[in-house]
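Okay, thanks for coming, everyone. Let me put the structure up, and then I'll walk you through the helices and the pockets.

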Amino acid sequence: MQGTARNFFTLAIIYALCGMALGIHMAISEDHGQMPTHAHTMVAGWLMSAVFAFFYHLFPAAGQKTLALVHFWLTAISGIGLMIGLYILLAGNPGIEPLLGISSIGFYAGILLFAFIALPVVWKKGLKEG
């Protein structure tokens with residue numbers, strides 16, 4: 001695994017470690033107030049980053065384009081802002097909502113960019129079905 005695929009898979013592992021640590025912390029403290037943060041970290045962070053990694057691994061030419069690098073950084077920066085912002089919001093600090101909103105829009109833009117990158121690749125004529 002290399003390039004964009006490796007970057008996304010590394011990010012996925014970091015999300016998994018953070019999400020699991022938060023889950024263990026909630027279990028030990030018996031305070032589950034951060035459950036939405038935990039769920040977003042595991043699904044939007046770990047799962048989606050892993051899916052992106054495997055897409056770019058399966059289609060390495062797509063991962064070598066500049067748009068793939070933009071996709072990685074847009075998703076990484078906005079996703080980290082989203083997770084931290086959600087944690088701070090749920091800790092009782094509503095002043096973080098503007099950052100959370102910007103991060104959410106950025107993360108959605110990353111998904112739109114992924115659709116722009118991935119759909120033409122998977123619908124390309126002439127690909128052999130496996």
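The C-alpha trace spans about 55 × 30 × 20 Å along its principal axes.

Quick housekeeping. This is a predicted model, so local features need pLDDT of at least 70 and side-chain atom pairs count only at pLDDT 80 or more, while totals for chains, interfaces and linings use all residues. Residues are numbered from 1 along each chain as its sequence is written, and side-chain values use heavy atoms, with hydrogens and water left out.

Now, how do H2 and H4 pack? They sit at an angle of about 170°, with their axes 9 Å apart; the axes are lines fitted to C-alpha atoms over the stretch in contact, and angles run from 0 to 180 degrees between N-to-C directions. H2 and H4 are therefore roughly antiparallel, the word for angles over 145 degrees. On the H2 side, the contact (heavy atoms within 4.5 Å) includes Pro36, Thr37, His40 and Thr41, and on the H4 side Met83, Leu86, Tyr87 and Leu90 are among the residues. By class, the contact has 9 nonpolar residues, 6 polar and no charged. Here Ala, Val, Leu, Ile, Met, Phe, Trp, Tyr, Cys and Pro count as nonpolar, Asp, Glu, Lys and Arg as charged, and the others, Gly among them, as polar.

On to pockets. A pocket is an open set of points on a 1 Å grid over the protein atoms alone, where a 1.4 Å probe fits, with protein on both sides within 12 Å along at least five of seven lines; lining residues have an atom within 4 Å of a point. The largest pocket has a volume of about 220 Å³, that being the space filled by probe spheres set on the points. H1 (3–29), H2 (35–58) and H4 (66–90) each supply at least two lining residues, and H1 gives the largest share, 6 residues. Leu11, Tyr15, Thr41 and Met83 are among the residues lining it. The lining has 9 nonpolar residues, 3 polar and no charged.

The second largest pocket holds about 180 Å³. Its lining includes Phe59, Lys65, Phe116 and Pro120, and H5 provides the largest share, 4 residues. That lining splits into 9 nonpolar, no polar and 1 charged.

Tyr56 is in H2 and Phe114 in H5, 58 residues apart.

Technical notes
Parallel < 35°, antiparallel > 145°, perpendicular 65-115°, else oblique.
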